[in-house]
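Welcome to a short tour to follow in your viewer. Please load the model, show it as a cartoon, and keep the selection tool at hand.

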Amino acid sequence: MRIDSHRFGTLELNADQLFLFPQGLIGMESLHQWALIPDPDNASVAWLQSAARGDRALAVISPRAFFPDYRVHIGRRDLASLHLTTGSEVYVMTTVAGHVGKLTTNLRAPLMLNLDRRLGCQVITNDDRPMRQPLPTAASESAQPLPTSQVRAA
């Protein structure tokens with residue numbers, strides 16, 4: 001598959017490198033296939049690049065790299081589209097907005113990725129997490145996938 005992206009130029013990807021978001025993302029419900037591209041200049045950041053729209057790419061981070069105590073509190077129904085099984089690896093990411101020196105991340109609406117099945121969804125948490133949490137300037141090295149035991153369903 002060939003993606004002509006604004007940020008990365010032309011990308012050649014196999015279909016198995018894409019994540020399927022059956023419901024799309026909030027505000028982009030019609031975009032279902034996304035590629036996760038590492039940022040070449042910052043190891044703490046990746047980009048979720050739409051396979052259908054080259055002009056749609058979202059900066060994402062592992063929130064636990066910046067907020068080690070971050071936990072996701074969502075209803076079981078919100079996880080259904082991920083088709084999780086025992087031992088599934090779920091990677092939690094949050095979007096980044098702003099500009100250098102004033103970056104924020106949305107801890108209220110994380111992206112959940114099932115690494116085994118290449119499925120994703122965006123959920124709204126059941127707690128009062130901020131939509132615009134200022135990011136500290138340095139990330140910790142603990143940006144590992146969350147075992148499903150650390151994703152607490154309500």
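Where is the place of Ser-88? Select Ser-88 and you will land in the loop between helix H2 (76-79) and E8. Helices (H or I, at least four residues) and strands (E, at least two) are DSSP runs, numbered from the N terminus. Before moving on, note that this is a predicted model, in which local features need pLDDT of at least 70 and side-chain atom pairs count only at pLDDT 80 or more, while totals for chains, interfaces and linings use all residues. Residues are numbered from 1 along each chain as its sequence is written, and side-chain values use heavy atoms, with hydrogens and water left out.

Stay on Ser-88 and show its side chain, which reaches the backbone nitrogen of Thr-85 at 2.8 Å. Is Ser-88 buried or exposed? Ser-88 has a relative accessibility of 4%, so it counts as buried (under 20% relative accessible area; exposed is over 50%, partly exposed in between, with a 1.4 Å probe and protein chains only).

Next, select strand E8 (residues 89-99) and strand E9 (residues 102-105), which run antiparallel and are joined by four bridges; strands pair if DSSP finds at least two bridges between them. Together E8 and E9 form a hairpin with two residues between them. In the turn, look for Gly-101, with a positive phi of about 95°. Gly-98 stands opposite Leu-103 in E9.

Now select Phe-8 and Trp-47. The structure holds one aromatic pair, and these two residues form it, edge-to-face, at 6.5 Å centre to centre with 75° between the planes. Rings of Phe, Tyr and Trp (its six-membered ring) pair if their centres lie within 6.5 Å; planes under 30 degrees apart count as stacked, over 60 as edge-to-face and the rest as tilted. The pair links distant parts of the chain, 39 residues apart. Phe-8 is partly exposed at 22%, whereas Trp-47 is buried at 12%.

For another example, select Arg-118, over the face of Phe-19 at 4.0 Å from the ring centre.

Note on methods. Polar contact = N/O pair within 3.5 Å; in protein donor to acceptor, adjacent residues only side chain to side chain. Lys NZ or Arg CZ within 6 Å of the ring centre and 35° of its normal.
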